[in-house]
Amino acid sequence: MLYGPGSADPLQPRVDTGHKLEEKGAFLFTTVATYSKPRIYDLIYAWLNPEMDIEKLEVATGGATNLTAYRNLMSYMRDSSEANALLAAYTAMDRELDVKPQGVIVMSLLPQSEARDNGLQEGDIITQVDDKPIATAKELSEYLTAKKAGEKVKVGGSRGKDTFEATVPLVSMSPDNRTGIGFVNETVLKVTPPDQVQFDFADTGGPSAGLMMTLEIVAQLTGEDLTRGYRIAGTGTISADGTVGLIGGINYKLMAANKEEADYFLVPFNAKNDSNWTLAQKTVDKLKLKPKLVKISTLQEAVDFLKKLEPKADK
């Protein structure tokens, strides 16, 4: 897998809340360009290019069963970031929305699991087990813990645009010897806001646009131009409570933001893990990039920073 700077595109054309807002600046969501199965001259070009890196496919995909599974997982993470952006934005504005669980996503398979060899893979969304409808991770766990290790269950649901079924053996999982399939999971949520919010991120994957999506939603629904006339780039996952999470590839995203003349770059920051901030500073210093870096741990911190900016003077 090859890595390099992706894009830094305005969010407004991709987030439509039905509430028109004239922004003098722009929120930019940033991406990493990835290239799978490169040809030999692609590898040579990447090796010679200081803005690109080469990684083994197994490492790049986190050990996913195959490239299709990895892409399905990335698509889910994008969809989940849209749902979390809605939750964070409406929670911050103290507005209600409708939330319904719709299944259980397979995030990763544990080493002791035998499910991979029996047809289950990352990115699968389980909606039934032994023909019993399953909507939440709790429901699935309660059903499986009543069984014994070695027993088999039939699971089914969606795999990307297709459906799947697999019969998988159960295993005993430490530290409490609980019976389960052996995978990291979370409940899939369908979030329906009272406004007709539509997203257009089908050409992207992963969860890292969450923070920037949320800022655009808040700006449009409150009618306040939070850009203050600046080009504000950034990255970071978003949780329903407004917590901003760390991401990968921030160096490539900064390069993309610099090419699009961003004034500021919002950097996810965690006091217990400053890896994003450290790499961002190193990248800016090494490449003499222009965006000013801003530490962001929560949605509220981002909004407070933006509201304190003096409006950018017209040239």
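**Contacts, pockets and helix packing**

Apart from its neighbours within four places in sequence, Phe 269 is in contact with Leu 246, Asp 274, Trp 277, Lys 295, Ile 296 and Ser 297. The model described here is a predicted one. Phe 269 lies in the loop that runs between strand 17 (264-268) and helix 7 (275-287). The C-alpha atoms of Phe 269 and Gly 236 are 9.0 Å apart in space, while the two residues are 33 residues apart in sequence.

The largest pocket holds about 980 Å³ of space. Its lining is made up of 44 residues, and those nearest the centre of the pocket are Thr 34, Tyr 70, Met 74, Gly 205 and Gly 206. At least two residues of this lining come from each of strand 1 (2-10), strand 3 (26-35), helix 3 (67-92), strand 5 (98-109) and helix 6 (250-259). The element that gives the most to the lining of the largest pocket is helix 3, with eight residues. By residue class, the lining of the largest pocket contains 19 nonpolar, 17 polar and eight charged residues.

For the second largest pocket, the volume is about 330 Å³. This pocket is lined by 15 residues, with Ser 75, Tyr 76, Asp 79, Ile 125 and Gly 160 nearest its centre. Two or more residues of the lining are given by helix 3 and by strand 12 (183-192). Helix 3 again gives the most, here with seven residues. The lining of the second largest pocket divides into five nonpolar, seven polar and three charged residues.

Helix 3 also packs against helix 5 (residues 210-222), at an angle of about 45 degrees and with the two axes 8 Å apart. Because of this angle, helix 3 is oblique to helix 5. The crossing of the two helices is right-handed. On the side of helix 3, the contact is made by Ser 81, Glu 82, Ala 85, Leu 86, Ala 88, Ala 89 and Tyr 90. On the side of helix 5, the residues in the contact are Gly 210, Met 213, Thr 214, Ile 217, Val 218 and Leu 221. Taken by class, the residues of the contact between helix 3 and helix 5 are nine nonpolar, three polar and one charged.

Conventions
Residues are numbered from 1 along each chain as its sequence is written. This is a predicted model: local features need pLDDT of at least 70, side-chain atom pairs count only at pLDDT 80 or more; totals for chains, interfaces and linings use all residues. Side-chain values use heavy atoms; hydrogens and water are left out. On a 1 Å grid over the protein atoms alone, a cavity is a set of points where a 1.4 Å probe fits but cannot get out, and a pocket is an open set with protein on both sides within 12 Å along at least five of seven lines; lining residues have an atom within 4 Å of a point. Grid points are joined across faces, edges and corners, and a volume is the space filled by probe spheres set on the points. Helices (H or I, at least four residues) and strands (E, at least two) are DSSP runs, numbered from the N terminus. Ala, Val, Leu, Ile, Met, Phe, Trp, Tyr, Cys and Pro count as nonpolar, Asp, Glu, Lys and Arg as charged, and the others, Gly among them, as polar. Axes are lines fitted to C-alpha atoms, for helices over the stretch in contact, and angles run from 0 to 180 degrees between N-to-C directions. Angles under 35 degrees count as roughly parallel, over 145 as roughly antiparallel, 65 to 115 as roughly perpendicular and the rest as oblique. A crossing is left-handed if the near helix is turned anticlockwise from the far one by less than a right angle, and right-handed if clockwise. Contact means heavy atoms within 4.5 Å.
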